[in-house]
Structures are given as C-alpha cells and as structure tokens.
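Dear colleague,

I am handing over the structure we spoke about, and you will find it just below this paragraph. After it I set out what was found, region by region, so that you can follow along in the viewer.

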Amino acid sequence: MIVSVDSEMIEAASHFSDWRIYPDNMHSCVGMVGKKWLNFALMTPRMQNFVQLFIDAIKQHAGLDFSVQFQSGQLNLKIRLARFPGYLAGRSMSINTPDLDRLTSNKDVKDLVLSSVLNIQGGLVICIGNPGTGKSYFAHAATRERLKQYGGHLVVIGDPLESPIGDDGTFVVGTNGYVDEIDVSEIGATLGLKMALRSYPVGIKPLLLFSEVRSDTNAFDLVNAAINGFTIFTTTHASTPDACVDRLISWCVKGGVDIGLVRNMLAQSLFGITSHKFEHGQFTIYAYPCLEETRKRIREGLPLPFKSTAAMKFSKS
C-alpha cells in the first residue's frame, strides 16, 4: 500500500525506528526515536498528521502482516506492520537493499556468504539474532552480492516482502542476475516455498532467500532443498549457533521426521551461520562456517564446536 505525503513529513518520520499504532485511539500511539518512546501528545503537529494518515492506511488493510509505504517523489519510507489485539507494531524498513560492502568489509564474513562452493553443491546459510539486529537486512545484501558476482536466479519469499533486491526498482541485478519475489502473507509460506522450488529455469544457479524459519514444515523443506543443490539464505531467532541447530532439529522432528535422518541431512546441508548482535552501541557480525568436525558432531548429537572466524563491527548509520 502506497500513501502520498509531502517530503518534509517523510523526512520527519524517517527518524522513527518503531511504532505502536492504536487505530481506535490515536492519542495512545507512540513512536521510537533514539531508543526512546515518544508519546503522540509530544509529537510535532506534522508528525501527528502523519499518524492520522498512517491509521487511515491501516484501516484499509485487513491483513495480519503487511507494509505501508509513504512516498514523495524519489523519497520513500516503508513501515512493516504486525497486527496484535488492539494495536499494530511497526518497524521502519529500508526501501533499497544496500551493497554488502556497506554492512561489512571483513574478509572472513564475506568468504562465508559469497563462497563459490555454494555454486557447485548448494547449502544452507542461516542468519541468526534478536529482532532488530540486521540479520534480514544482511541476508538481502548477501544474496544481492551473489547475483552481482555469479549471476543466477534468486527467488525471494517474504511475509511480507521487505527490501527490493533488483537494480533501480527492476528485477535484474548486474548483468546476469534475476529476482523473483513471492509475497506469502496471504497464501502462506509452505505454499510459497513449494511454488518457488518449481520456478527456476533449467541450468540456472538456484538461489533462494526465505525470510524467516518459523515452522516445522518449512524447516525440513529448506534442509531438503539445500541437499538437492539449492543455495538458501534464511533467518531465525536464536542467540547462538548451537541454539539455532537445536531449534532447526526440533522443528523437523516436530514435523514427523526421524531425528537420525534430520541430523544426517542437516550435517550435509548446513554451510554456515552468521550471528548478528547489537553490542555497546554497535552492530556485530560473527561468521561461523560449518566445518567437518561440526558436521560430525551434528550427526552424532554431540555439543557443537562452532568457532567464530571473525567479528565485524560497524556503526548504525
């Protein structure tokens, strides 16, 4: 949904990172600026008008998860919303996916997510962290950079879709990269994933960005697709790589898959994990490649020896 506003309103609203919107009680709405919540009564008249337009747009949409995009000429502000009883939680999103170099210059982090080995055998790369640590942003940037370097066909599955990956609003990246986008907020992630896995042209490197693993069905489907040669990037909420692996195995077992089979398949398909944290006012990325010793321990159900090859800190700018 796109809402036309003036440029000054977008400029003012861009300082807000998060929102709590109460459609039936505008005066209860709050926005976060600099890690502090600002009450509606303390907002400027321009921002109060923005909140009113925001509520008007929300009332035209019945979905549980959706986005509202405010636009003025070349200026854009996109806010992703999740509906809860009585209110909606919103987070400002980037309109465009940045180049990977803007997020990290660390060689080891790049070596993991841009490895040419993935072009040959496929594999699963999982970006983990708490909400707001930039894992989804990073996954978008990493897949975009792979398209620029290697070409190929990327399918993005979003609930809803977040930052566009194509160049200048198109579905093309570089000279040999192409992007398909599937918004699964209405059809569900399971059906969207099934559609995606059947949509790749013959002979083209298959690259998949699955917004977030949230169910037992999706977990096993992604592991299985990675074994079959797909390069898959996804995100999930986990504090450590060990917790990420345990959660993935638990989801698959909950879905009815034998735990021994799950361990063997995950050991074969997991290529690496990036861990995203916000520490001491900085975003930090840790890279954890899945080495042979780690694969062996996943198969045997032993404690995992994940070791970070690097950490890259960068300011939120």
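A residue to begin with is serine 92, which counts as partly exposed because its relative accessibility is 22%, and which has its place in strand S7. Please keep in mind throughout that this is a predicted model. The side chain of serine 92 reaches the backbone oxygen of phenylalanine 16 at 2.8 Å, and, if neighbours within four places in sequence are left aside, serine 92 is in contact with Phe16, Ser17, Trp19, Leu77, Lys78 and Ile79.

The structure holds 9 aromatic pairs. In the one made by tryptophan 19 and phenylalanine 54, the ring centres are 6.0 Å apart and the planes stand at 90 degrees, so the pair is edge-to-face. Because tryptophan 19 lies in strand S2 and phenylalanine 54 in helix H2, this pair ties together parts that are 35 residues apart in sequence, and both tryptophan 19 and phenylalanine 54 are buried.

Another edge-to-face pair is formed by tyrosine 200 and phenylalanine 230, whose ring centres are 5.3 Å apart and whose planes are at 65 degrees. Here too distant parts of the chain are linked, as tyrosine 200 sits in the loop between helix H7 (189-197) and strand S12 (206-210), while phenylalanine 230 sits in the loop between helix H8 (216-227) and strand S13 (231-236), 30 residues apart. Tyrosine 200 is buried, with a relative accessible area of 14%, and phenylalanine 230 is buried with a relative accessible area of 14%.

Helix H2 itself, to which phenylalanine 54 belongs, covers residues 45-58, and its 14 residues should span 20 Å at 1.5 Å a residue, which agrees with the 20 Å between its end C-alpha atoms. Which residues of H2 are buried? They are Met47, Phe50, Val51, Phe54, Ile55, Ala57 and Ile58, and, seen down the axis of H2, they fall within an arc of 160 degrees, so they line one face of the helix. The buried residues of H2 pack against strand S1 (2-4), helix H1 (7-13), strand S2 (18-21), strand S5 (65-72), strand S6 (75-84) and strand S7 (87-93).

In the loop between strand S4 (36-39) and H2 lies threonine 44, which is partly exposed, with a relative accessible area of 44%. Threonine 44 and alanine 12 are 32 residues apart in sequence, and their C-alpha atoms are 9.3 Å apart in space.

Helix H6 (residues 135-150) reaches 22 Å from its first C-alpha to its last, close to the 22 Å expected for its 16 residues at 1.5 Å a residue. Since 12 of the 16 residues of H6 are buried, this helix is largely enclosed by the rest of the structure; among the buried ones are Phe138, His140, Arg144, Glu145 and Leu147. H6 is followed by glycine 151, whose phi is positive, near 75 degrees.

Further along, histidine 153 is found in strand S9 (residues 152-158), and it counts as buried because its relative accessibility is 7%. The side chain of histidine 153 makes a polar contact of 2.9 Å with the side chain of aspartate 180. Apart from neighbours within four places in sequence, the contacts of histidine 153 include Leu147, Tyr178, Tyr200 and Pro206, so Leu147 of H6 and the buried Tyr200 come up again here.

Finally, strand S14 (residues 270-279) and strand S15 run antiparallel and are joined by 8 bridges, with glycine 272 standing opposite proline 289 in S15. Strand S15 (residues 282-289) is mostly covered, as 6 of its 8 residues are buried.

With best regards

Definitions and conventions
Residues are numbered from 1 along each chain as its sequence is written. This is a predicted model: local features need pLDDT of at least 70, side-chain atom pairs count only at pLDDT 80 or more; totals for chains, interfaces and linings use all residues. Side-chain values use heavy atoms; hydrogens and water are left out. Helices (H or I, at least four residues) and strands (E, at least two) are DSSP runs, numbered from the N terminus. The expected span of a helix is 1.5 Å times one less than its number of residues. Buried means under 20% relative accessible area, exposed over 50%, partly exposed in between (1.4 Å probe, protein chains only). The arc is that of the directions from the helix axis to the C-beta atoms. Contact means heavy atoms within 4.5 Å. A polar contact is a pair of N or O atoms within 3.5 Å; within protein, one must be able to donate a hydrogen and the other to accept it, and residues adjacent in sequence count only if both atoms are side-chain atoms. Rings of Phe, Tyr and Trp (its six-membered ring) pair if their centres lie within 6.5 Å; planes under 30 degrees apart count as stacked, over 60 as edge-to-face and the rest as tilted. Two strands pair if DSSP finds at least two bridges between them.
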